[in-house]
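Open the model in your viewer and keep the selection panel at hand. The stops below say what to select and what is there.

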Number of protein chains: 2
Amino acid sequence: MPRTARRGPRPIREREFHAWLARVLPAGRRGLLPMGDDAAALRPPRGTVAVVSTDSLVEGLHFLPGSPPRAIGHAAAAVSLSDVAAKGAVPGAIVLGLVLPPTTPRRWAQEVVRGAEAEAARCGAHVVGGDTKPGAVRSVGSTVVGWARPDRLAPRSGARPGDRLVTTGSVGRGGLAFERFRVGSRPRARALRELLEVRPRVREGRALAPFAHAMMDTSDGLAESCRLMAAASRVRLEVEEAALPLAAGLAALARSPDRRRAIAFFGGDYELLAAVPADRLDRAVRAVARAGGRLHWIGTVAAGRGAMLRTGRHTIPMPAPGWDPFGRPRFVICRSRARQFP
Amino acid sequence: MPRTARRGPRPIREREFHAWLARVLPAGRRGLLPMGDDAAALRPPRGTVAVVSTDSLVEGLHFLPGSPPRAIGHAAAAVSLSDVAAKGAVPGAIVLGLVLPPTTPRRWAQEVVRGAEAEAARCGAHVVGGDTKPGAVRSVGSTVVGWARPDRLAPRSGARPGDRLVTTGSVGRGGLAFERFRVGSRPRARALRELLEVRPRVREGRALAPFAHAMMDTSDGLAESCRLMAAASRVRLEVEEAALPLAAGLAALARSPDRRRAIAFFGGDYELLAAVPADRLDRAVRAVARAGGRLHWIGTVAAGRGAMLRTGRHTIPMPAPGWDPFGRPRFVICRSRARQFP
């Protein structure tokens, strides 16, 4: 790039950035291989299998150019940690895959890594390496390797008729944050930060896994997660609407049932949904409480197919999620503003 | 997107695409967790540690919109497999992170996955999962998890004075492919395919690891790899120019020594560079030959610092690599053409 581009914040240089990583990240001092080697090496705890998941956040879709980079790094780590949490795994390591325009300030990339490392460390893991490539649009990929007991993996496909459906928390947190962002009911910067404030349920997942037949996170919203678990398990999931622990503020914001459901099942919740045998429900509730969380009984598993919502008077199919990234877009967050499509 | 966009090839839909993955990929039938679950689970072979590395290919930098998607998938898997090969690891699994414009034909993404799976399978691994996000510019991330004996990891920092420097193959293969692409000395499509034809040295890496003090791949070119190994090991690496196994056709293309070196050390070779104790050199050569490869003795490790090239008459510092993705760009491959900067 021309020299004049250097007048602003110092742009990123791959090698210098990776040398900085090796200096500041704790894994650089403690790993089986030095940070910056071709690969990272991780010792599996005895009796465990590796649990791997990957996710990424893309500028314009999950964050804006002005979003705080530390929050972006935090969220990128958190959404992938949520996936290994859903298998009851202990997170071990994160590798980041950054795609950044060459003019990206060095500090921006450093803050992303600091955010990811802080979130990883909160969950007992560390950023152990990564890759940085130039590209026109920023994206932050995060791959987590965790460790779990193979007999406690609780696949999505494990739900059985008679199981109790439970969830770890606030249904519609993601939808509420997006709604506040969309209608501008609070300062834009704060609404954006809320969208990135993901707390993966790692401790709850570990506590719940020994009791669960099936488990998954609710990144696509509770309704879609129920549909996916029902399909994978070839069962019918019935959720009691009155039992849903709605995110604080949701009921006040949306008075009509349809509006409330649209927000509640929008997506981006990152709680856990599990199917637990009825005779283990009590123990599961206590185990999650000991882990500092709370388990809510929201429904049951029955023979049949599909995911249903019992609204009191009626039983209706679970509404579709609002967030369908590859579908007909209802909005595109681009550059410095949110454009809405009719 | 407007309905009219559907007239062309069928665009990608995330859930449908992931369902297709679960049907066609062998890991979907054999994994500890069903394909499409929140995470993949992998059983570590006894006595091994996990070796993890991530890499990505970005449209406009590593491939063009018209590049064959199967070759892109192949290359994305190959470049990350090369990193775990450099630690003597047996590749176990790959997770892909795709960022694709919503108008991307479904078939394009399927071909990328097929290419990655074919390359993974060739190396004894499988694509076990991934993530697909919309974004303005295509990128294909690949994270490999492999397994290695912890006493044979051969870090970059392990080279010792007296060691022999060896490499597995053709120096300048990447530079030659890029040069042919740049000057248009052969059909553009063929030159582009050559750039993506990466063959990770997995079998050679496993054969070499028990004998190597230090090992790494030459993705940044042999000169830069020598510089990195010298710096990490705090030694001086001396390479004999006459001993370099240049890529076929390189000497004929570039007559002047400077031009030849610029191409030879350009980057993108994906061979292995290793430091082997002198008394194990013979056994290392035989082990790599048994694995179907060939080991070339190209220099020695000495006390001191830096990476030097002995040209016969002189000893000069190793030339800088041509490929510095975040540096002042000498070229940008964008959209449908390569633009060159003076």
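Start in chain A. Select strand 6 (residues 164-167) and strand 10 (residues 296-302): four bridges join them, and they run antiparallel. Helices (H or I, at least four residues) and strands (E, at least two) are DSSP runs, numbered from the N terminus. Two strands pair if DSSP finds at least two bridges between them. Now pick A:Val166; its bridge partner in strand 10 of chain A is A:Trp297.

A note on the model before moving on. It is predicted: local features need pLDDT of at least 70, side-chain atom pairs count only at pLDDT 80 or more, and totals for chains, interfaces and linings use all residues. Residues are numbered from 1 along each chain as its sequence is written, while chains are lettered from A and ligands numbered from 1 in the order in which they are written.

Switch to chain B. Select strand 8 (residues 236-240) and strand 10 (residues 296-302), which run antiparallel and are joined by four bridges. Which residue stands opposite B:Glu238 in strand 10 of chain B? That residue is B:Thr300. In strand 11 of chain B, the bridge partner of B:Glu238 is B:Met308.

**Two domains**

Return to chain A and colour it by domain: domain 1 covers 3-150 and domain 2 covers 154-333. These bounds come from an automatic or database domain assignment. The centres of the two domains of chain A, taken over C-alpha atoms, are separated by 27 Å. Their contact takes 22 residues from domain 1 and 21 residues from domain 2 of chain A. Two residues are in contact if their C-beta atoms, placed from the backbone, lie within 7 Å.

Select helix 3 and strand 3 of chain A. Each supplies at least two residues of the side of domain 1 that touches domain 2. Helix 3 of chain A gives the most to that side, with 10 residues. The residues on this side of domain 1 of chain A divide into 15 nonpolar, five polar and two charged. Ala, Val, Leu, Ile, Met, Phe, Trp, Tyr, Cys and Pro count as nonpolar, Asp, Glu, Lys and Arg as charged, and the others, Gly among them, as polar.

**Inside domain 1**

Pick A:Val95; A:Gly129 is its bridge partner in strand 4 of chain A. Nine of the nine residues of strand 4 of chain A are buried, so this strand is largely enclosed by the rest of the structure. A residue is buried if 20 or more other C-beta atoms lie within 10 Å of its own, exposed if 12 or fewer, and partly exposed in between; C-beta atoms are placed from the backbone.

Next, select A:Leu57, in strand 2 of chain A. Is A:Leu57 buried or exposed? A:Leu57 is buried, with 24 other C-beta atoms within 10 Å. Leaving aside neighbours within four places in sequence, its contacts include A:His62, A:Phe63, A:Ile72 and A:Val140. Draw a distance from A:Leu57 to A:Gly73: they are 16 residues apart in sequence and 9.1 Å apart in space, C-alpha to C-alpha.

**Where the chains meet**

Show both chains. Their contact takes 59 residues from chain A and 59 residues from chain B. On the side of chain A that touches chain B, strand 2 of chain A has the largest share, nine residues. That side of chain A divides into 35 nonpolar, 11 polar and 13 charged residues.

Select strand 1 of chain A with strand 2 (residues 49-58) of chain B. They run antiparallel and are joined by three bridges. A:Leu42 has B:Ala50 as its bridge partner in strand 2 of chain B.

**The axis**

Finish with the superposition. A rotation of 180° with 0.0 Å of shift along its axis superposes chain A on chain B (RMSD 0.0 Å). The two copies are thus related as by a two-fold rotation axis. Copies are superposed by least squares on the C-alpha atoms of residues with pLDDT of at least 70 in both. Of the residues of chain A, A:Val137 comes closest to the rotation axis, at 3.4 Å (C-alpha). 100% of the interface residues of chain A are also interface residues in chain B, so the copies meet through the same surface.
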